[in-house]
Amino acid sequence: MTETPYTPELVKARLAEAADTLRRLPSARIRARLTAWPDVVQSASTAYGYEAAQTRPAAPTPEAISRMDETLAWLFWVENEGRRLLWARAMGVPWRRLEDLDGRSHVTLKRAHDRLLGEIARRLNGK
């Protein structure tokens, strides 16, 4: 069985999946607040059914968490500036916002982003 080579597009997709997986992990702060006791209703306006329902995203699978751990390790192969750029784009930060934060044009940032994705893909392919 031959393993498919990594491409910059595949690396980009894996980074986006890792960001989504990290976003869906339960927070430690939420876990600390969980108790077996129901919430105390202070007024009729806060009783069940009077407020909009709040849903949380589904918890990630163990396989997704393992892929996230592997993918996050890839970020340490690039310099700190590049790491921030790759992670910001994986989290969906718009280019315009990155221009304001970084001071470089979106064309320069896109070029650097593509170069970093290519570096990671080459390293994963053993070149």
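Arginine 24 is partly exposed, with a relative accessible area of 23%; partly exposed lies between buried (under 20% relative accessible area) and exposed (over 50%), for a 1.4 Å probe and protein chains only. The model is predicted, so local features need pLDDT of at least 70 and side-chain atom pairs count only at pLDDT 80 or more, while totals for chains, interfaces and linings use all residues. Residues are numbered from 1 along each chain as its sequence is written, and side-chain values use heavy atoms, without hydrogens and water.

**Exercise 1.** Identify the salt-bridge partner of arginine 24 and describe the pair.

*Solution.* A salt bridge requires a side-chain nitrogen of Lys or Arg within 4 Å of a carboxyl oxygen of Asp or Glu. Aspartate 20 meets this rule with arginine 24, as their closest N and O atoms are 3.2 Å apart. Next, consider position: the two residues are four apart in helix α1, hence about one helical turn. Helices here are DSSP runs (H or I, at least four residues), numbered from the N terminus. In general, an α-helix has 3.6 residues a turn, so residues three or four places apart point the same way. Finally, aspartate 20 is partly exposed, at 32% relative accessibility.

**Exercise 2.** Check the length of helix α1 and locate its buried residues.

*Solution.* The expected span is 1.5 Å times one less than the number of residues. For the 17 residues of α1 (residues 8–24) this gives 24 Å, and the end C-alpha atoms are 24 Å apart, which agrees. The buried residues are Val11, Arg14, Leu15, Ala18, Ala19 and Thr21. They cover an arc of only 165° around the axis, so they lie on the same side of α1; the arc is that of the directions from the helix axis to the C-beta atoms. Their cover includes α3 (62–74), α4 (80–90) and α6 (106–124).

**Exercise 3.** Determine how many aromatic pairs there are and what geometry is found.

*Solution.* Rings of Phe, Tyr and Trp (its six-membered ring) pair if their centres lie within 6.5 Å; planes under 30 degrees apart count as stacked, over 60 as edge-to-face and the rest as tilted. The count is one aromatic pair. Tyrosine 6 and tryptophan 74 form it edge-to-face, with 5.7 Å centre to centre and 85° between the planes. Because tyrosine 6 lies in the segment before α1 and tryptophan 74 in helix α3, the pair ties together parts 68 residues apart in sequence. Both tyrosine 6 and tryptophan 74 are buried.

Definitions and conventions
Contact = heavy atoms within 4.5 Å.
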